[in-house]
Amino acid sequence: MTTQSFTEQDVESFFDQTTSTYLNFWDSSGVLHTGYFDGDDDHDYQAAAERTSDVVATEAGINASSYVLDVGCGCGPFLIYLAERFNCRGEGLDLSTERINFARGLLTGEHAGLNVNFTHGSATAMPYEDNTFTHVVSQDSLCLIPDKPKTHSEVFRVLQPGGVFAFSDFLQPKTDISERGRKHVYDRVRWNYGYSYLGYQQALEDAGFVVTHARNLEPQIRQTYRVIGKAATERAAETDDPAAREWMLGFAESCGEIEHAIDRGEFGWGIFVARKPA
Ligand SMILES: C[S@@+](CC[C@H](N)C(=O)[O-])C[C@H]1O[C@@H](n2cnc3c(N)ncnc32)[C@H](O)[C@@H]1O
């Protein structure tokens with residue numbers, strides 16, 4: 001088994017270089033996370049992705065007085081959804097300049113009045129004062145960060161006492177990953193390693209958090225990659241750009257492989273809620 005070790009710079013380059021391709025076949029409005037599907041017959045990605053946002057927001061307990069940081073906010077739709085739905089304030093932080101530029105572009109027209117900012121930067125060195133936010137949220141981003149303990153200490157630092165950290169993330173249920181799993185699940189997105197379901201909770205406790213809720217949700221990633229893999233194949237057939245077509249077909253192949261990786265216990269997904277002690 002070959003094991004790569006990706007840096008933050010590798011992750012940043014990957015997400016900068018692939019943003020327009022992802023928007024092309026996954027979701028042009030910039031929602032690029034796992035959907036919370038209503039079973040194997042549900043093929044509506046947009047509705048499923050909104051349901052995930054709804055679950056994370058509800059479990060976080062966000063309301064109009066919240067000041068929310070979305071770490072790894074990507075193209076920004078989750079934070080905009082929170083600000084519109086709850087009338088809360090928000091900051092979005094992401095390592096990809098391309099994604100932050102897209103997110104800023106959303107703050108026009110109907111979204112112009114929202115109390116939201118997007119900033120380029122890393123979760124390992126957050127540009128915010130101590131005890132700033134009532135909530136830190138994130139969807140499918142934290143696993144990509146090579147220095148996870150540093151991220152957890154940064155989230156702890158910027159949360160107010162009693163503040164809530166609520167997020168979804170990919171899991172590495174076991175340590176021994178096959179060559180195929182590494183190629184299609186991990187190296188594909190420049191992901192070094194993840195936590196198991198229980199290991200994640202331990203890591204949060206080691207950082208000083210009290211874990212209040214955790215859910216293991218493997219079936220949801222299975223259906224997300226089935227639906228998105230089909231979309232990638234369809235878009236590849238329509239595109240005139242040979243490089244984009246090849247990338248999308250490679251992605252669609254990886255979606256099939258991802259299901260096998262789940263079967264082998266090499267890939268998982270979960271939602272976690274933790275609190276910084278008051
Ligand atoms: C799978 S995407 C999810 C994006 C977004 N949360 C969503 O729901 O669409 C992962 C995101 O994590 C960001 N990311 C990776 N490493 C990061 C870091 N160290 N700090 C901040 N963001 C990071 C990437 O740039 C990318 O936008």
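1. The model under review is a predicted one.

2. Two packed helices are described by the angle between their axes and the distance between the axes. For helix 1 (residues 8-25) and helix 9 (residues 242-263), the angle is about 70° and the axes are 11 Å apart. Helix 1 and helix 9 are therefore roughly perpendicular to each other, and helix 1 passes helix 9 in a right-handed crossing.

3. The residues that form this contact can be named. On the side of helix 1 they are Thr21, Asn24 and Phe25, which meet Ala244, Trp247 and Met248 of helix 9. Sorted by class, the residues of the contact of helix 1 with helix 9 comprise 4 nonpolar, 2 polar and no charged.

4. Helix 9 is likewise packed with helix 6 (179-186). The axes of helix 6 and helix 9 come within 9 Å and cross at roughly 125°. That angle makes helix 6 oblique to helix 9. The crossing of helix 6 and helix 9 is left-handed.

5. Which residues make the contact of helix 6 with helix 9? Helix 6 provides Arg180, Gly181, His184 and Val185, while helix 9 provides Ser254, Glu257, Ile258 and Ala261. By class, the contact of helix 6 with helix 9 has 3 nonpolar, 3 polar and 2 charged residues.

6. Helix 4 (residues 97-106) contains several buried residues, namely Glu98, Arg99, Ile100, Phe102, Ala103 and Leu106.

7. Phenylalanine 14 lies in helix 1. Is phenylalanine 14 buried or partly exposed? Phenylalanine 14 has 18 other C-beta atoms within 10 Å, and is therefore partly exposed. Leaving aside neighbours within four places in sequence, phenylalanine 14 is in contact with Val189 and Arg190. Phenylalanine 14 and glycine 162 are 148 residues apart in sequence, and their C-alpha atoms are 35 Å apart in space.

8. Arginine 190, one of the contacts of phenylalanine 14, is found in the loop between helix 6 and helix 7 (197-206). Although arginine 190 is not a glycine, its phi is positive, at about 65°. Because 19 other C-beta atoms lie within 10 Å, arginine 190 is partly exposed.

9. Asparagine 87 is located in the loop between helix 3 (77-86) and strand 2. With 13 other C-beta atoms within 10 Å, asparagine 87 is partly exposed.

Conventions. Residues numbered from 1 in each chain as written. Predicted model: local features only at pLDDT ≥ 70, side-chain atom pairs only at ≥ 80, totals over all residues. Axes fitted to C-alpha atoms, helices over the stretch in contact; angles between N-to-C directions. Helix = DSSP H or I, 4+ residues; strand = E, 2+ residues; numbered from the N terminus. Parallel < 35°, antiparallel > 145°, perpendicular 65-115°, else oblique. Left-handed = near helix turned anticlockwise from the far one by under 90°. Contact = placed C-beta atoms within 7 Å. Nonpolar A, V, L, I, M, F, W, Y, C, P; charged D, E, K, R; others polar. Buried ≥ 20, exposed ≤ 12 C-beta atoms within 10 Å, placed from the backbone.
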